[in-house]
Amino acid sequence: MATGEPDFVFKLVFLGDSSVGKTSLVQRYVYDSLAPDIGRTIGAMLHVKSVDYAGARHKLVVWDLGGQESFSALREQYCANASGAFFVFDRTRVETLQHIDDWLNALYTAAGKVAVIVIENKIDLESVISDEQIRGMLEARDLRWIQTSATENLNVNAAFEELVKEIREQKKDSSI
Ligand SMILES: Nc1nc2c(ncn2[C@@H]2O[C@H](COP(=O)(O)OP(=O)(O)OP(=O)(O)O)[C@@H](O)[C@H]2O)c(=O)[nH]1
Ligand SMILES: [Mg+2]
């Protein structure tokens, strides 16, 4: 939709263990489709989408990073200069939430204390993690949390809107 110069250009990165659904969420948001089953992301993939939020045009440069351990050094390079990040976990595998600090520490080291939205993905499936457990983890880290399903297209747009909002708020705070 949006043409012409954007008011803001934001670099967003997707973090989280392998198979939590990062590629599926990006595919759903950018192309409104299910990700073709091409397997684990090797390295990183770049996608761009322009959207209007709150009367301003945003160009979102989205890096979908492969979640496998072997890409960790590469990921830190991709995180440099990020405006914000999604940390995605899979509600059917508790360890994907427990790894949160590994991901956030890598991000904050590379990009500073940027805005982060936590995504609980696969809400079309039964959860093995209680809301209290999630709330406890996230309140301690002062992070917002949103529940999505990439396959059922639930809340995916809302997650992006939330992150853009959070980045805009941080910018406002830092310019005072
Ligand atoms: N039921 C369900 N399955 C999902 C959802 N999102 C992703 N999946 C499935 O989970 C698997 C992994 O999804 P990917 O999007 O490839 O995961 P990834 O986080 O990109 O994995 P890496 O590239 O290895 O880091 C695929 O089989 C997807 O179809 C969801 O919301 N619900
Ligand atoms: Mg992937």
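Two strands count as paired if DSSP finds at least two bridges between them; strands (E, at least two residues) and helices (H or I, at least four) are DSSP runs, numbered from the N terminus. This is a predicted model, in which local features need pLDDT of at least 70, side-chain atom pairs count only at pLDDT 80 or more, and totals for chains, interfaces and linings use all residues. Residues are numbered from 1 along each chain as its sequence is written, while chains are lettered from A and ligands numbered from 1 in the order in which they are written.

**Exercise 1.** Determine which strands pair with β4, and in which sense.

*Solution.* Step 1: strand β1 (residues 8–15) pairs with β4 in the parallel sense over 4 bridges, with Phe14 opposite Phe86 in β4. Step 2: strand β5 (residues 115–121) also pairs with β4 in the parallel sense, over 7 bridges. Here Phe89 stands opposite Glu120 in β5.

**Exercise 2.** Explain why strand β4 (residues 84–90) is described as largely enclosed.

*Solution.* Step 1: call a residue buried if 20 or more other C-beta atoms lie within 10 Å of its own, exposed if 12 or fewer, and partly exposed in between, with C-beta atoms placed from the backbone. Step 2: Gly84, Phe86, Val88 and Asp90 on one side are buried, as are Ala85, Phe87 and Phe89 on the other. Step 3: 7 of the 7 residues are buried, so the rest of the structure largely encloses β4.

**Exercise 3.** State which residues are closest to ligand 1.

*Solution.* Step 1: a residue is near a molecule if its C-beta atom, placed from the backbone, lies within 6 Å of it. Step 2: 20 residues surround ligand 1, the closest being Gly21, Thr23, Arg40, Thr41 and Gly67. Step 3: helix α1 (residues 22–31) gives the largest share of this shell, 3 residues.
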